[in-house]
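Thanks for making the time, everyone.

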Amino acid sequence: MLEEILEVVKTELDNSENGKTTFSHLKTVLPESRHGRILDALRIGRSQGVLKKYVTKLEDGSMETVIEKVS
Amino acid sequence: MAIEIITEVEDRAGKRATSSVFILDTFLRAQVELFALQWSQIIDDIILGVIRSVTAILHVDISALTNNTPTASSDVEEVGAFEFVTTDGNRVKCNVPGINELLVNNDTGQIDTGQTAISNLISMFEDGISVTGGILIHPTDIGSDDIVGTLLAEERFRNSGRRR
């Protein structure tokens, strides 16, 4: 399951204009039953060196987990 | 805002209490450490107990936060208990009082890591927050060892030790 989620994450990163996506966006493209495993999948991606993530404040003032493609 | 220097004193019975002083937050870290050490020396000279710790706390302007009114169901004894692990395998705990029950699974007591707000907290511990200039500030344990994983996220109940 985690590899499937990670593949979705990689696809979203490849399709994004700036090589970034957000946790909230990933929730919109993954079924609700997978939401609780997104962080686990992201840890795998981080350990593989294919992505990094961090928290930042968006322009609307909200906090968001950003996932960034590592090239 | 100000930096608070807290000196913790222990008596013969093992009871601990603190004394604190505030200073401006415009000084360099080394200057603050030197002040804190010398302040503690002054305290040390006038007590019968033993100083167990001296810490410096930076007080932050929180006027921009939007949760200004506690809701009827808010309860600081309902705690979001998080436990993380560092690169050296050390455990770091973080208890968040007043956890929103909507973020907790009623059946298991587990905190829902699929919620964006919880993802932010866990990602902050594991990966850090991006601040000005693209700098990432990354939490560590007390020995400056990086936090790299999450061991536990669940609701617990704890006496606040304070009544009104």
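Before I quote a surface value, let me say that the accessible areas here come from the Shrake-Rupley method with a 1.4 Å probe. This is a predicted model, so please hear every value that follows as computed from it. With that said, the accessible surface of chain B comes to about 11,200 Å², and carbon and sulfur atoms hold 54% of that area.

Staying with chain B, its C-alpha trace spans about 55 × 45 × 35 Å along the principal axes, and of its 164 residues, 32% are buried. The chain has 2 helices and 8 strands, which follow one another from the N terminus as β-β-α-β-β-β-α-β-β-β. If we take the contacts in chain B with a separation of 6 or more, 53% of them are between residues 24 or more positions apart.

Now to the interior. In soluble globular proteins, nonpolar side chains tend to be buried together. Which residues have the most contacts inside the largest nonpolar core here? They are Val9(A), Leu42(A) and Phe82(B), in a core of 26 residues. Two or more residues each are given to this core by helix 1 (2-15), helix 2 (23-29) and helix 3 (38-47) of chain A, and by strand 4 (78-86), strand 5 (91-97), helix 2 (116-127) and strand 8 (147-157) of chain B. There is also a second, separate core of 8 residues, with Ile3(B), Val32(B), Trp39(B) and Ile43(B) among them.

To look at Val9(A) in more detail, and leaving aside neighbours within four places in sequence, we find this residue in contact with Leu26(A), Leu42(A), Leu51(A) and Ile67(A).

Ile67(A) takes us to strand 3 of chain A, where this residue is the bridge partner of Lys53(A). Strand 3, residues 63-69, is mostly covered, with 5 of its 7 residues buried. Strand 2 (residues 51-57) runs antiparallel to strand 3 and is joined to it by 7 bridges, and these two strands form a hairpin with 5 residues between them, where Gly61(A) in the turn has a positive phi of about 95 degrees. Strand 1 (residues 20-22) of chain A also pairs with strand 3, in the antiparallel sense and over 3 bridges, and there Thr22(A) stands opposite Val66(A).

Terms used:
Residues numbered from 1 in each chain as written. Chains lettered and ligands numbered in written order. Predicted model: local features only at pLDDT ≥ 70, side-chain atom pairs only at ≥ 80, totals over all residues. Heavy atoms only, no water. Helix = DSSP H or I, 4+ residues; strand = E, 2+ residues; numbered from the N terminus. Buried < 20%, exposed > 50% of the residue type's maximum accessible area, 1.4 Å probe, protein only. Contact = heavy atoms within 4.5 Å. Core = buried A, V, L, I, M, F, W, Y, C linked by side-chain atoms within 4.5 Å. Pairing = 2+ DSSP bridges.
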